[in-house]
Amino acid sequence: MQIIVTGHGNFASGIESTVKLLAGSIDGVSYIDFTEDMNENDLVKEFEKTDFENQQTLFFCDLVGGTPYKQAVVASNGREDTIAVVAGCNVGSLLELGLNSGALSNQPISVIANTFVETSRKNTKVFTHFKQEEQIPEDGI
C-alpha cells in the first residue's frame, strides 16, 4: 500500500517536514505539492510518476473539490478497488496509519480510507478549560 499526500502550495512538503520531525520517514508515503507555478497537467505528470498501477493507493488531499483532489479522483476512475481518495485528514491520522500500514495492507482500500477518516475524527479535539475551585488547606498552611 502507498499513501500519496497532496495539496495546494506546500501542504504536502509541510506535512512531510512534520512527519520527519516526529517519526522520521514513513515507508510507502510520498508527498506531492501543487504549487502556484504548476497547472493541472503538471500535477497529473507528478501523480503518474508514482506506481498506483500495481498497488493499493490512498490519496490524502488537503481540500474536497480542489485541483489535487479532483485529479486524484480522475486517477481513481476505473480503479475503485485499488485507489481511494480522502480529504481534510490530519497529521495524526497519517502518523497512526502510516506507521501501522503493514497491519492494514490486507484490507480493501475502501476500509483503509474509512479508517483514515475515522482516525482523523478521533484526533480532532477542542481543548476545554475548567475552573478549579481554590483549595484552602484546613491547617492554614
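Visitor: Does α4 pass α6 in a left-handed or a right-handed crossing?
Guide: A crossing is left-handed if the near helix is turned anticlockwise from the far one by less than a right angle, and right-handed if clockwise. The helices are DSSP runs of H or I with at least four residues, the strands are runs of E with at least two, and both are numbered from the N terminus. The crossing in which α4 passes α6 is right-handed.

Visitor: What kind of model is this?
Guide: Residues are numbered from 1 along each chain as its sequence is written, and side-chain values use heavy atoms, with hydrogens and water left out. Local features need pLDDT of at least 70, side-chain atom pairs count only at pLDDT 80 or more, totals for chains, interfaces and linings use all residues, and the model is predicted.

Visitor: At roughly what angle do the axes of α4 and α6 cross, and how is that orientation named?
Guide: Axes are lines fitted to C-alpha atoms, for helices over the stretch in contact, and angles run from 0 to 180 degrees between N-to-C directions. The axes of α4 and α6 come within 8 Å and cross at roughly 135°. Angles under 35 degrees count as roughly parallel, over 145 as roughly antiparallel, 65 to 115 as roughly perpendicular and the rest as oblique. That angle makes the orientation of α4 to α6 oblique.

Visitor: How many charged residues are in the contact of α4 with α6?
Guide: Contact here means heavy atoms within 4.5 Å, and this one is made by Ser93, Leu94, Glu96 and Leu97 of α4 together with Ile112, Thr115, Phe116, Thr119 and Ser120 of α6. Ala, Val, Leu, Ile, Met, Phe, Trp, Tyr, Cys and Pro count as nonpolar, Asp, Glu, Lys and Arg as charged, and the others, Gly among them, as polar. By these classes the contact has 4 nonpolar and 4 polar residues, and the number of charged ones is 1.

Visitor: Which residues of helix α4 are buried?
Guide: Buried means under 20% relative accessible area, exposed over 50%, and partly exposed in between, with a 1.4 Å probe and protein chains only. The buried residues of α4 pack against β1 (2–8), α1 (11–23), β2 (29–34), β3 (57–61), α5 (101–104) and α6 (109–122). Within α4 itself, which spans residues 91–99, the buried residues are Ser93, Leu94, Leu95, Leu97 and Gly98.

Visitor: How many nonpolar residues does the contact of α1 with α4 have?
Guide: α1 and α4 pack at an angle of about 60°, with their axes 11 Å apart, and they are therefore oblique to each other. Ile15, Thr18, Val19, Leu22 and Ala23 in α1 meet Val91, Leu94, Leu95 and Leu99 in α4. The residues of this contact divide into no charged, 1 polar and, for the nonpolar class, 8.

Visitor: Which residues of α3 does α2 meet?
Guide: The axes of α2 (residues 40–48) and α3 (residues 67–76) come within 10 Å and cross at roughly 50°, and the crossing is right-handed. From α2 the residues in contact are Glu40, Leu43, Val44 and Phe47, and those they meet in α3 are Thr67, Pro68, Gln71 and Ala72.

Visitor: Is Gln56 buried or exposed?
Guide: Gln56 is placed in the loop between α2 and β3, and a polar atom of its side chain lies 3.2 Å from the backbone oxygen of Gln107. A polar atom of the Gln56 side chain also lies 2.9 Å from the backbone nitrogen of Ile109. With a relative accessible area of 17%, Gln56 is buried.

Visitor: With which side chain does the side chain of Asn10 make a polar contact?
Guide: Asn10 sits in the loop between β1 and α1, and with a relative accessible area of 52% it is exposed. A polar contact is a pair of N or O atoms within 3.5 Å; within protein, one must be able to donate a hydrogen and the other to accept it, and residues adjacent in sequence count only if both atoms are side-chain atoms. At 3.4 Å, the side chain of Asn10 makes such a contact with the side chain of Asp33.

Visitor: What distance separates the C-alpha atoms of Glu133 and Glu53?
Guide: Glu133 lies in the segment after α6 and is exposed, with a relative accessible area of 69%. Glu133 and Glu53 are 80 residues apart along the chain, and their C-alpha atoms are separated by 61 Å.
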